[in-house]
Amino acid sequence: MKDRLQALKEEAASSIESVSTLEQLKDLRVRYLGKKGELTAILRGMKDVSPEERPVIGSLANEIRSFLEQEIAAKEDQLEREALEDRLREEKLDVTLPGKPYPVGSIHPLNAVIEQVEDIFIGMGFEVAEGPEVETDSYNFEALNIPKDHPARDMQDSFYITPEILLRTHTSPVQVRSMEAKEGRVPVKIICPGKVYRRDDDDATHSHQFTQVEGLVVDRGIAMSELHGILATFAEKLFGMKLETRLRPSFFPFTEPSVEMDISCVQCGGDGCRMCKNSGWIEILGAGMVHPRVLEGAGYDSERYTGFAFGMGPDRIALLKYGIDDIRHFYTNDLRFLRQFQSV
Ligand code: 2NL
């Protein structure tokens, strides 16, 4: 019996030694030490051993059991360590390798100008309002005192969808909608940026789709002086320098009186250069006192309240600001053009 135990010990030890996976090791434990294992099987023969020898065999069997358990535990340790080392080797990551270049976008120059204009007016207490690009004839023209025979209302000049529905030709209808929503309350102090559409042939200075920012203030006691003060402050903030401004008389159906505002040339300071066509002045926006008919139509008593409104073209301003020579660059999305504005 001693010899059988000894032989089992040696056989088991060498099997454990040569095992190469944790599964195989588990099988060996069952095979040698399990309830139906070989060691148990041998010990079943104890009944044939003489009473004097039994303790000796018994303690030898225990010794072998604990020896094999230690061997198995040691092997298990070793296999686990090797498995970990394999994984670490396989999953090794060189964090010093250069990454895949990820294309970084940039803000479109028109959006950069629009956001800047928004920031300046927000800083002066205005709110930003937006509205639909598909409008009714009523909001786009009628509410703005634009007569039925006005050239802008011609099928040739606007994109009509039906005789009553068209792509808005300016952002003014948003202002009319905002006034209606306020139901006669003051102050109204909003700017309305957005895309607008006119049936033009595209060239260096015209696009059938372009952008506009309009603004509107309605309150008690609003006069031309408020218009001039707000818009002159705006221009200086936009170009980041001290400027002269002048108002010239103009005409819009929705304002009376109407003006156009010029700023002293941002290039030459007023001496005359190519940018200002030697005049020393650059036109940047149109404005005026809101026509009483427009106020009344939108629910404001024109005897109690007055207002001023203005409109400008971010396309034109972006051309000026960034020295771009063709409006079509804004709409053709050539990355070589757009990438030049990554720092804007
Ligand atoms: C320009 C001129 C202008 C307005 C837009 C306006 C809007 C309402 C009432 C009265 Cl709801 N006026 N808008 C007024 C004057 C000029 O735009 O040259 N835009 C590019």
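Modeller: Start with overall size. This is a predicted model. A compact globule of 344 residues would have a radius of gyration near 20 Å, whereas the protein has 43 Å.

Biologist: How do you know what box the C-alpha atoms fill?

Modeller: The box is taken along the principal axes. Its sides are roughly 130 × 50 × 40 Å.

Biologist: What makes up the domain assignment of the protein?

Modeller: The assignment gives domain 1 as 2-90 and domain 2 as 109-341. Their C-alpha centres lie 91 Å apart.

Biologist: How many helices and strands are there?

Modeller: Twelve helices and nine strands.

Biologist: What share of the residues counts as buried?

Modeller: 41% of the 344 residues. The cut-off for buried is under 20% relative accessible area.

Biologist: And how much of the accessible surface belongs to carbon and sulfur atoms?

Modeller: 51%, out of about 20000 Å².

Biologist: What share of the contacts comes from residues 24 or more positions apart?

Modeller: 67% of the contacts with a separation of 6 or more.

Biologist: How many side chains are positive and how many negative?

Modeller: 42 are positive and 58 are negative. The centres of the two sets lie 5 Å apart.

Biologist: Now single residues. Why is Ser 178 called buried?

Modeller: Its relative accessibility is 17%. Buried means under 20%, so Ser 178 counts as buried. Ser 178 lies in helix 7, residues 172-182. Leaving aside neighbours within four places in sequence, Ser 178 is in contact with Ala 129 and Ile 190.

Biologist: Ala 181 is found in helix 7 too. Is Ala 181 buried or exposed, and why?

Modeller: Exposed, because its relative accessible area is 56% and the cut-off for exposed is over 50%. The C-alpha atoms of Ala 181 and Ala 298 are 117 residues apart along the chain and separated by 8.9 Å.

Biologist: Why is Glu 214 called buried?

Modeller: The relative accessible area of Glu 214 is 7%. That falls under the 20% limit, so Glu 214 is buried. Glu 214 is found in strand 5.

Biologist: What is Glu 214 in contact with, leaving aside its neighbours within four places in sequence?

Modeller: Its contacts include His 170, Thr 171, Ser 172 and Gln 175. Ile 190, Ile 191 and Cys 192 are also among them, as are Phe 310 and Gly 311. Val 176 is 38 residues from Glu 214 in sequence, and the two are 11 Å apart in space, C-alpha to C-alpha.

Biologist: Which residues of helix 10 are buried?

Modeller: Helix 10 spans residues 314-322, and its buried residues are Pro 314, Asp 315, Ile 317, Ala 318, Leu 319 and Leu 320.

Biologist: What do the buried residues of helix 10 pack against?

Modeller: Three helices are on the list: helix 5 (109-123), helix 8 (224-239) and helix 11 (329-332). The strands on it are strand 5 (209-219), strand 8 (281-290) and strand 9 (306-312).

Biologist: What follows helix 10?

Modeller: Gly 323, with a positive phi near 60°.

Biologist: What makes the phi of Lys 277 worth a remark?

Modeller: Most residues other than glycine have a negative phi. Phi of Lys 277 is near 50°, a positive value in a residue other than glycine. Asn 278 is not a glycine either, and its phi is positive, about 65°.

Biologist: Where is Lys 277, and where is Asn 278?

Modeller: Lys 277 is in the loop between strand 7 and strand 8. Asn 278 is found in that loop as well.

Biologist: Why is Lys 277 called exposed?

Modeller: Its relative accessibility is 75%. Exposed means over 50%, so Lys 277 counts as exposed. Asn 278, at 61%, counts as exposed too.

Biologist: How do you know that the peptide bond joining Val 186 and Pro 187 is cis?

Modeller: From its omega, which is about 0°. Most peptide bonds are trans. Pro 187 lies in the loop between helix 7 and strand 4 (188-197).

Biologist: And what is omega for the cis bond from Glu 256 to Pro 257?

Modeller: Near -5°. Pro 257 lies in strand 7, residues 255-264.

Key:
Residues are numbered from 1 along each chain as its sequence is written. This is a predicted model: local features need pLDDT of at least 70, side-chain atom pairs count only at pLDDT 80 or more; totals for chains, interfaces and linings use all residues. Side-chain values use heavy atoms; hydrogens and water are left out. Helices (H or I, at least four residues) and strands (E, at least two) are DSSP runs, numbered from the N terminus. The radius of gyration is taken over C-alpha atoms; the globule rule is 2.2 Å times the number of residues to the power 0.38. Buried means under 20% relative accessible area, exposed over 50%, partly exposed in between (1.4 Å probe, protein chains only). Contact means heavy atoms within 4.5 Å. Accessible areas come from the Shrake-Rupley method with a 1.4 Å probe; for residues, only the protein chains shown count as cover. Lys and Arg count as positive and Asp and Glu as negative; His and the chain ends are not counted. The place of a charge is taken as NZ of Lys, CZ of Arg, CG of Asp or CD of Glu. Domain bounds come from an automatic or database domain assignment.
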